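Visitor: Please walk me through one part of this model in close detail. Then set it in its surroundings, with the cut-offs spelled out.

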Amino acid sequence: LPRIGIGIDVHRLGPGRRCVVGGLEFECEVGPIGHSDGDALLHAACDAVLGAAGLDDLGTLFSDRDPRHAGRASHEFCHEVLELLRQRHLRVLSLDAVLETERPKLAARRPELRARLAELFALPVERVNVKGKTGEKVDAIGRGEAMRATVVALLGPA
Ligand code: MG
């Protein structure tokens, strides 16, 4: 039977950080602050997949107190999460993502974001979606202080 999972991740934005979203680098005056590269979209996607599989969450599997994960590229977490799925004879069937942020602007690179997520989670591109939203000037996201990613994942037998 299919299994559904949800993942949510927030990162503060600050100057002097590479701006990595969904495994892509964006030209931007601010970037996500985090122990790894701070890729909120990939963190939320991994948590959605792990949740659907009934596994521990990303923060438990890859602790932000572990120096081995400092500055780590989050696409490596995706590979490890997929390996955990394989061991359990599961695969990702679809992903749907919402990224709320004032910066960077995502619209022009949505096709690239979909393709990259599809590649990282071994899916055809039409089974992945990424929607960008602003924070409508409300709360920390609207003020441009943080970004938030929310991802829903559907899994099925491998
Ligand atoms: Mg995170």
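Guide: Start with Val 10, which is partly exposed at a relative accessible area of 44%. Here buried means under 20% relative accessible area, exposed over 50%, and partly exposed in between, with a 1.4 Å probe and protein chains only. The model is predicted, so local features need pLDDT of at least 70 and side-chain atom pairs count only at pLDDT 80 or more, while totals for chains, interfaces and linings use all residues. Residues are numbered from 1 along each chain as its sequence is written, and side-chain values use heavy atoms, with hydrogens and water left out.

Val 10 lies in strand E1. Strands (E, at least two residues) and helices (H or I, at least four) are DSSP runs, numbered from the N terminus. Val 10 belongs to a nonpolar surface patch with Ile 4, Ile 6, Ile 8, Val 152 and Leu 154. Patch members have over 30% relative accessible area and no salt bridge; nonpolar side chains (Val, Leu, Ile, Met, Phe, Trp, Tyr) are joined within 5 Å, like charges within 9 Å. Strands E1 (3-15) and E7 (146-157) each supply at least two residues of the patch. E1 gives the largest share, four residues.

Next, the metal. The magnesium ion has Asp 9 (OD), His 11 (NE2) and His 43 (ND1) as protein donors, lying 2.2 Å from it. Donors are N, O and S atoms within 2.8 Å of the metal (3.2 Å for Na, K and Ca); water is not among the atoms, so sites may look incomplete. The donor spacing in sequence is D-x1-H-x31-H. Asp 9 and His 11 are both buried, whereas Val 10 is partly exposed.

The protein has five helices and seven strands. Their order from the N terminus is β-β-β-β-α-α-α-β-α-β-α-β. For 158 residues, a compact globule would have a radius of gyration near 15 Å, and the protein agrees, at 15 Å. That radius is taken over C-alpha atoms, and the globule rule is 2.2 Å times the number of residues to the power 0.38. The C-alpha trace spans about 40 × 35 × 25 Å along its principal axes. Of the 158 residues, 47% count as buried. Accessible surface comes to about 8,000 Å², with 52% of it on carbon and sulfur atoms. Contacts need heavy atoms within 4.5 Å. Among contacts with a separation of 6 or more, 72% join residues 24 or more positions apart.

Helix H4 (residues 110-120) shows some of the packing. Its buried residues are Leu 113, Arg 116, Leu 117, Ala 118 and Leu 120. They pack against strands E2 (19-21), E3 (24-26) and E6 (128-133), and against helices H1 (40-53) and H3. Just after H4, Ala 122 takes a positive phi of about 55°. On the E3 side sits Leu 24, buried at 11% relative accessibility. Leaving out residues up to four places away in sequence, Leu 24 touches Cys 19, Arg 109, Glu 112, Leu 113 and Arg 116.

Last, the charges. The structure holds 11 salt bridges. Each is a side-chain nitrogen of Lys or Arg within 4 Å of a carboxyl oxygen of Asp or Glu. Arg 103 pairs with Glu 29, with closest N and O atoms 3.1 Å apart. Arg 103 lies in the loop between strand E5 (90-100) and H4, and Glu 29 in the loop between E3 and strand E4 (30-32), so the pair ties together parts 74 residues apart in sequence. Arg 103 is partly exposed at 28%; Glu 29 is exposed at 52%. Arg 143 and Glu 145 also meet, at 3.0 Å, N to O. Salt bridges with shared partners join Arg 72, Glu 76 and Glu 80 into one network. Arg 72 sits in the loop between helix H2 (58-61) and helix H3 (75-87), and is buried, with a relative accessible area of 14%.

How values were computed: Accessible areas come from the Shrake-Rupley method with a 1.4 Å probe; for residues, only the protein chains shown count as cover.
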